[in-house]
Amino acid sequence: MRNNIQVPFGYEPPAEREKGTLLFYDSFEEITEEELDQALALLERRSFAQLVLYPLHEETVRRMSRKPVTPYYKREDALHDWRRSRGSSQVTVEGWDGKRKKYTPMDSALRFLAEKYPAPYFLYLTPEMANAFASFSSFEEWITRVRLILTEEPVQPHSRLTQFSHRWETAAAEGSR
């Protein structure tokens with residue numbers, strides 16, 4: 001059965017107000033609830049369609065930073081608890097890295113996220129993670145496809161971050177606009 005709806009001549013549906021995906025890529029070992037709340041506030045302020053929290057598996061963290069980290073499932077459970085307490089349907093905790101149970105290169109993770117979530121992509125990173133990302137050989141390929149939003153200004157930015165300074169901003173600077 002067809003449902004015919006009449007609309008006035010020249011009617012155009014309203015443009016989508018929410019666009020893009022804010023991807024928070026981190027181990028979430030040292031990220032506080034206040035920092036997660038700041039990412040949620042950025043999602044609402046910039047009208048992103050979705051905030052994707054991407055916690056890293058222990059093997060990925062060990063390869064990237066060599067820092068000890070709590071088990072993946074504990075960090076993932078904490079993110080799910082935070083998401084439920086905020087009641088936002090726009091927040092997703094992506095468990096792909098945990099399902100793989102091994103080291104996942106950042107460009108593989110970004111390819112997976114790009115296939116699954118709507119563009120444009122904004123990568124929300126801590127200064128340490130941004131410097132690590134800038135040190136990868138795939139950085140120059142990805143920086144043309146994503147924009148970076150850093151939680152704060154890096155004390156010593158990687159030379160590639162400095163070179164591509166037009167492709168990133170800080171959340172603190174953005175909030176003061």
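In which loop is K101 found? K101 sits in the loop between α4 (96-100) and α5, where helices (H or I, at least four residues) and strands (E, at least two) are DSSP runs numbered from the N terminus. The model is predicted, with local features needing pLDDT of at least 70, side-chain atom pairs counting only at pLDDT 80 or more, and totals for chains, interfaces and linings using all residues. Residues are numbered from 1 along each chain as its sequence is written, and side-chain values use heavy atoms, with hydrogens and water left out.

Although K101 is not a glycine, its phi is positive, at about 55°. K101 is exposed, with a relative accessible area of 62%; exposed means over 50% (1.4 Å probe, protein chains only). R66, in the loop between α2 and α3 (72-86), is not a glycine either and has a positive phi of about 60°. R66 is exposed too, at 69% relative accessible area.

The backbone also holds a cis peptide bond, from A119 to P120, with omega near -5°. P120 belongs to the loop between α5 (106-116) and β4 (121-125).

Turning to open space, the largest pocket holds about 430 Å³. Its lining has 19 residues, of which D26, E30, K67, T126 and E128 are the closest to the centre. A pocket is an open set of points on a 1 Å grid over the protein atoms alone, where a 1.4 Å probe fits, with protein on both sides within 12 Å along at least five of seven lines; lining residues have an atom within 4 Å of a point. Grid points are joined across faces, edges and corners, and the volume is the space filled by probe spheres set on them. With four residues, α6 gives the most to this lining.

Note on methods:
Buried < 20%, exposed > 50% of the residue type's maximum accessible area, 1.4 Å probe, protein only.
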